[in-house]
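Please write a short report on the structure shown below. It should cover the pocket and cavities, the salt bridges, the helices and a few single residues.

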Amino acid sequence: MTESKSAWRSALLAAYLRWKYRQRFYSVRVGGFAGWQDWLASEAPYPLVFFGNHQSWWDGLLDFSLTRHFGMDNRLMMEAKNLAQFSFFQKCGVFGVDLDSARGRGAGLLHAVRLLQEPSTRRCLILYPQGRLVPDWEDVPLQEGLEIILRKAPGVTALPVWRRLHLGKHELPEAEIEIGEPLSPGGGRTTAQLANALNATKMALETRLSVKNDKQIIYISKGINTLRGGA
């Protein structure tokens, strides 16, 4: 359960990922609602929960790079048995949760709440409420853990994020990330409301790609030209 945050290990991971993205992707692009970049760069939305779909092994790494680019104090929830294979990540703010037992799930949720309530100006928690890898064509409901976290930490802003990896006109796949409309703190959010927000973010990404709207886009990686902010 316990994670720690080593500045030099996080910087090493960030540098490795910049290289790795150039090897594996034609581009990694991020878009979102009008003004999303300024909104994330401000202090207003924190603490923040990034929640999104989980379609590939890359999701946590992409979110690590994105949140680091905006200077966030990021933490990421990961299934314990998967984290055991990548112990290095524990020094980069990743903590494991035993999803196979009710006790383990409960302990993980309480730890997430504690992280969000710790003094930190830009704390961000990244999690995937479907609970497992889910291909785009599967319709898997969200688990209730995120609703519980938001109820116990009412001062947290929830931010839906949708990712898509796709092949098209380039030899390498493209990674697209969409930042959805934030859900303001207070009042709690039901799992159904969170699912609707996530689905709206998915639709926003599809619309952006269909009309080729690049006005709100930044590149995390594009060929050899990779953003180095925050690394």
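At least two residues each of the lining of the largest pocket are supplied by α3 (59–69), β3 (73–79), β4 (94–97), α5 (102–117), β5 (123–127) and α6 (145–152). Helices (H or I, at least four residues) and strands (E, at least two) are DSSP runs, numbered from the N terminus. This is a predicted model, in which local features need pLDDT of at least 70 and side-chain atom pairs count only at pLDDT 80 or more, while totals for chains, interfaces and linings use all residues. Residues are numbered from 1 along each chain as its sequence is written, and side-chain values use heavy atoms, with hydrogens and water left out.

**Pocket and cavities**

The largest pocket has a volume of about 800 Å³. Its lining is made of 39 residues, and those closest to the centre are H54, M77, M78, E79 and Y128. Strand β3 gives the largest share of this lining, 6 residues. By type, the lining of the largest pocket holds 22 nonpolar, 12 polar and 5 charged residues. Here Ala, Val, Leu, Ile, Met, Phe, Trp, Tyr, Cys and Pro count as nonpolar, Asp, Glu, Lys and Arg as charged, and the others, Gly among them, as polar.

The structure also holds 2 cavities of 30 Å³ or more. The second largest cavity has about 60 Å³ of space. It is lined by 13 residues, of which L150, V156, S184, P185 and G186 are the closest to its centre. This lining divides into 7 nonpolar, 5 polar and 1 charged.

Both terms rest on a 1 Å grid over the protein atoms alone: a cavity is a set of points where a 1.4 Å probe fits but cannot get out, and a pocket is an open set with protein on both sides within 12 Å along at least five of seven lines; lining residues have an atom within 4 Å of a point. Grid points are joined across faces, edges and corners, and a volume is the space filled by probe spheres set on the points.

**Salt bridges**

A search of the whole structure finds 14 salt bridges, where a salt bridge is a side-chain nitrogen of Lys or Arg within 4 Å of a carboxyl oxygen of Asp or Glu. The table gives three of them.

| Pair | Closest N to O distance |
|---|---|
| D73 and K5 | 3.7 Å |
| D100 and K81 | 3.9 Å |

D73 and K5 form a salt bridge that links distant parts of the chain, with D73 in strand β3 and K5 in the segment before α1 (7–24), 68 residues apart. K5 is partly exposed, because its relative accessibility is 32%; buried means under 20% relative accessible area, exposed over 50%, and partly exposed in between (1.4 Å probe, protein chains only). K5 and D73 also belong to a network of salt bridges together with R75, E118 and R123.

D100 and K81 form another salt bridge. D100 lies in the loop between β4 and α5 and K81 in helix α4 (residues 80–83), so this pair ties together parts that are 19 residues apart in sequence. D100 counts as exposed, because its relative accessibility is 57%.

R208 sits in helix α7 (residues 191–211) and E176 in strand β7 (residues 174–179), 32 residues apart. Are these two residues buried or exposed? Both R208 and E176 are buried.

**Helices**

The 18 residues of α1 should span 26 Å at 1.5 Å a residue, and its end C-alpha atoms are 25 Å apart, which agrees. The expected span is 1.5 Å times one less than the number of residues. The buried residues of α1 include L13, A14, L17 and Y21. An α-helix has 3.6 residues a turn, so residues three or four places apart point the same way. The buried residues of α1 pack against β1 (27–32), α3 and β8 (218–222), where contact means heavy atoms within 4.5 Å.

Helix α3 is mostly covered, with 10 of its 11 residues buried. Just after α3, G71 takes a positive phi of about 70 degrees.

In α6, the buried residues are G145, L146, I148, I149 and L150. Their cover includes β2, β3, α5, β5, β6 (157–166) and α7.

**Single residues**

Y46 and P47 are joined by a cis peptide bond, with omega about 0 degrees. P47 is placed in the loop between α2 (36–41) and β2 (48–52).

G180 is found in the loop between β7 and α7, and counts as buried because its relative accessibility is 5%. Leaving out residues up to four places away in sequence, G180 touches F33, L159, P160 and T201.
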